[in-house]
Amino acid sequence: MSSTPRTARGRATRERILKSATELIAERGIAGTSLDHVRALAEVSKSQLYLYFPDRETLLREVASSTCDGVLDGQADILADFHSPAGIERYLDALVELQFDFERPSGCPIATLAGQLDPQDEQARLILADGMDRWEAGLREGLEQMRDGGELKPGTNPSKLATQTLALLQGGLVLARVRDDAAQMRLAADTALALIRSAVLE
């Protein structure tokens, strides 16, 4: 378990370590990031690092949590618009554009990290699962608003539709990354939009 600093200086040091680890792992992956790399970028001593993160596993779990927060915070504004056909289309377009904005498609940071963490680390898995759950909850809440407003066909299950939408988006993000082709995300987003539109009352 990581230690919570009592002083502002300590909190700043801990945050700098976590930020450095998150940035390095996003760039190099877990296998390519050592604690010495983190210490060098954060400009801290070994004793400082171990004061706040007693072992590598604890630091990686904190990186997982930070990564989930970063992904969800980054799309909070556009996800808030996910409660109408037009808003949903804008949200999906924004996710697609993000992949085109990178020199190479980045995929989903949460899913990418999931493929690198120790599969035996249940705590890390639960952290990433929670991140996906929070993402899906945002989609579901928007669809529930549409259902409650009488915009969806009778019998439509917002929870199931949200899961299907997230699955399509994750598939598109994976294909965009491994094929180095952001157009794969466009195809997945268009499929998700068609799925949702098929549930909307004319």
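How many residues does helix H1 have, and how far does helix H1 reach from its first C-alpha to its last? Helix H1 covers residues 8-28, which makes 21 residues, and reaches 30 Å, close to the 30 Å expected at 1.5 Å a residue; the expected span is 1.5 Å times one less than the number of residues. Helices here are DSSP runs (H or I, at least four residues), numbered from the N terminus.

A word on the model: it is predicted, so local features need pLDDT of at least 70 and side-chain atom pairs count only at pLDDT 80 or more, while totals for chains, interfaces and linings use all residues. Residues are numbered from 1 along each chain as its sequence is written, and side-chain values use heavy atoms, leaving out hydrogens and water.

Let's stay with H1. Among its buried residues are Gly10, Arg14, Ile17 and Leu18, where buried means under 20% relative accessible area, exposed over 50% and partly exposed in between (1.4 Å probe, protein chains only). Their cover includes helices H2 (35-42), H3 (46-52), H4 (56-74) and H7 (109-114). Leaving aside residues up to four places away in sequence, Ile17 touches Val38, Leu49, Tyr52 and Phe53, among others; contact means heavy atoms within 4.5 Å. Just after H1, Gly29 takes a positive phi of about 85 degrees.

Now to the loop between H2 and H3, where Glu43 lies. Glu43 is exposed, with a relative accessible area of 67%.

Finally, the cysteines. The whole structure has zero disulfides, a disulfide being a pair of cysteine sulfur atoms within 2.5 Å. The sulfur of Cys68 is 8.3 Å from the closest cysteine sulfur, in Cys108, too far for a bond. Cys68 is buried at 0% relative accessibility, and Cys108 is buried at 4%.

Key:
Helices (H or I, at least four residues) and strands (E, at least two) are DSSP runs, numbered from the N terminus.
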